[in-house]
Amino acid sequence: LEIVSLENLQIVNGGQTTASLYAAYRAKKDLSKIYVQMKLSIVDAKSAEDLVPRISEYANSQNKVTAADLFANHPFHARMESFSRRVFAPPKEGTVKQTKWFYERARGQYNDQQSYMTRSEKNKFRSEFPKSQVFSKTDLAKYLMVWTDTPYIVCRGAQKNFVEFAKAVTNEWKKNELDFNVDYFQTLVAKKIVFDVAEAIIPRMKWYEAGGYRAQHVALTIGIL
């Protein structure tokens, strides 16, 4: 048997190996005698959503794989990423320039996207996607979970909160995925803005002079609101 073509090829487990090979290739090392053992899994579209994260989880039993990493393949994240690349934010008061909010579906995506850009291309990219407007999967989970009746879950930490968030989104997605539209994304960004402002204001409060537990104060304050 011979493979003629592959559609939607993904490296589920092997990121470090791939990166090492690419680094060697960039350094002009001879790779002609290098062979990498691999297992090719042909998965139909219906099974992919459930099976691919499981392959990653069980193939990485020797390494720590976070809940955020495993949930990254859910179509929810791909949709939020798509909105973040094309939906403009309103221009700030006194300006006409519009920017976008960059959602990092995968860790390091913001920097990776700039890796091979020229200086002028990077400046243009950062003008469109300011670093202050970058947020990750675990950030997203915080911004949304504090607006539920369970902001105390956010106080347990990023990964524990994300596990609960993943369960909630999975259930809601099954009920009606059309609810996760542009309005949903814009509301998410609005909640991020409120969260960021609360993070800035709370440390300046007189009652906060002792310091500490800022994350918990932020989550529970927005929960009260």
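Select helix 4 (residues 75-86) and helix 10 (residues 182-201): their axes come within 10 Å and cross at roughly 75°. Axes here are lines fitted to C-alpha atoms, for helices over the stretch in contact, and angles run from 0 to 180 degrees between N-to-C directions. Helix 4 is therefore roughly perpendicular to helix 10 (angles under 35 degrees count as roughly parallel, over 145 as roughly antiparallel, 65 to 115 as roughly perpendicular and the rest as oblique).

This is a predicted model, in which local features need pLDDT of at least 70 and side-chain atom pairs count only at pLDDT 80 or more, while totals for chains, interfaces and linings use all residues. Residues are numbered from 1 along each chain as its sequence is written, and side-chain values use heavy atoms, with hydrogens and water left out.

Show side chains at this contact (heavy atoms within 4.5 Å). From helix 4, Phe76, Met80, Phe83 and Ser84 meet Val182, Tyr184, Phe185 and Leu188 of helix 10. By class these are seven nonpolar, one polar and no charged residues (Ala, Val, Leu, Ile, Met, Phe, Trp, Tyr, Cys and Pro count as nonpolar, Asp, Glu, Lys and Arg as charged, and the others, Gly among them, as polar).

Leu140, Lys142, Tyr143 and Leu144 in helix 7 touch Tyr184, Leu188, Lys191, Lys192, Phe195 and Asp196 in helix 10. That contact has six nonpolar, no polar and four charged residues.

On the helix 7 side are Lys137, Thr138, Leu140, Ala141, Lys142, Leu144 and Met145; on the helix 9 side are Ala158, Gln159, Asn161, Phe162, Glu164 and Phe165. Seven of the contact residues are nonpolar, three polar and three charged.

Move to helix 1 (residues 15-26). After helix 1 comes Lys28, with a positive phi near 60°.

Finally, show the whole chain and colour by pLDDT (the predictor's confidence in each residue, from 0 to 100). The chain has eleven helices and two strands (DSSP runs, H or I of at least four residues for helices and E of at least two for strands, numbered from the N terminus). The average pLDDT is 87, and 92% of the residues score at least 70. Confidence is highest in helix 10, at 96, and lowest in helix 3 (residues 67-70), at a mean of 59. Where pLDDT is low, the predicted coordinates should not be read in detail.

Terms used: Expected span 1.5 Å × (residues − 1).
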